[in-house]
Amino acid sequence: HHVSSFVQHQIDHLPCGFYGIGIVTIHHDVAVCNNFPEHCPYYITLSLIIFISDTHIQPEGYTIEWFDKIAKEILAMRPLPRNIINLGDLAHLYGKEEDYRVAKELFAPLEEAGIRVTHAMGNHDRRDYFTKVFPEKAALTSCPDRIVSIVETPHADVIVLYSLQQSEDENKWITPGNIDEAQREWLKQTLQQYSKPVFIVAHHPLNEVKLGNIIFKSPTCCG
């Protein structure tokens, strides 16, 4: 169940603001879901995760067209993925409330199809406005005062960390990322409890936020 257990890994770079999309399947487990909009049953792959990043959504922004295209492609997949992980910069430049409201509408068809969507916070996001628009997701955080998630699959899990340094000025952003000591301690304790493979992700590169010592000391952490 280590990295060799991946049976598919594809990265495509997209224009117009999208950093990329990746498809990762860990083994192959399927389940039938019956809430498809057309009311016809379809299959969901429990171990299939779609990674997207840097959507930079804003009202009437140019990335809306591209996101809609990607969403339709995902919804056309058979089987469907169980999870989508957005690795940050969901909003455009300053993480405005209206950006998140548009994003919520765009992601709605994916979630209505039974796909679980998890968001990381990027340097262009704001936790306060994200929480206001997505209170149900913020409430699931594994670490207080941050947006930290654990995405579970049958054979491996993904821990989505919070690397945002939020500016006090709503019209500025801080580019570098950081993982504070409270979150590092939480991660250490969480990894100690793991017996199956686990992957660590964040918006910022893990070497930038200096997580190497924690990752390498974990016998189940794959990267």
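Ser53 counts as buried because its relative accessibility is 7%, where buried means under 20% relative accessible area, exposed over 50% and partly exposed in between (1.4 Å probe, protein chains only). The model is predicted, so local features need pLDDT of at least 70 and side-chain atom pairs count only at pLDDT 80 or more, while totals for chains, interfaces and linings use all residues. Residues are numbered from 1 along each chain as its sequence is written, and side-chain values use heavy atoms, with hydrogens and water left out.

**Exercise 1.** Describe the backbone and setting of Asp54 and of Lys210.

Solution. 
- Step 1: Asp54 is not a glycine, yet it has a positive phi of about 55°. Lys210, also a residue other than glycine, has a positive phi near 55°.
- Step 2: Asp54 sits in the loop between strand 4 and helix 1, and Lys210 in the loop between strand 9 (198-201) and helix 6 (212-216).
- Step 3: Asp54 is buried, at a relative accessible area of 14%, whereas Lys210 is exposed, at 63%.

**Exercise 2.** Work out how the buried residues of helix 1 are arranged.

Solution. 
- Step 1: Helix 1 covers residues 63-75 and has 13 residues; from first C-alpha to last it reaches 18 Å, close to the 18 Å expected. The expected span is 1.5 Å times one less than the number of residues.
- Step 2: Thr63, Phe67, Ile70, Ala71 and Ile74 are the buried residues of helix 1.
- Step 3: Seen down the axis, these buried residues fall within an arc of 105°, so they line one face of helix 1. The arc is that of the directions from the helix axis to the C-beta atoms.
- Step 4: Glu65 and Lys72, on the other side of helix 1, are exposed.
- Step 5: In the loop between helix 1 and strand 5 (80-86) comes Pro79; the peptide bond from Arg78 to Pro79 is cis, with omega near 0°.

**Exercise 3.** Describe the second largest pocket by volume and lining.

Solution. 
- Step 1: The second largest pocket holds about 410 Å³ of space. On a 1 Å grid over the protein atoms alone, a pocket is an open set of points with protein on both sides within 12 Å along at least five of seven lines, and lining residues have an atom within 4 Å of a point. Grid points are joined across faces, edges and corners, and a volume is the space filled by probe spheres set on the points.
- Step 2: Its lining has 17 residues, with Val117, Thr118, Lys137, Leu140 and Ser149 nearest the centre.
- Step 3: At least two lining residues come from each of strand 6 (116-119), helix 4 (135-138) and strand 7 (149-152).

Conventions:
1 Å grid on protein atoms, 1.4 Å probe; cavity = no way out; pocket = protein on both sides within 12 Å on 5 of 7 lines; lining within 4 Å. Helix = DSSP H or I, 4+ residues; strand = E, 2+ residues; numbered from the N terminus.
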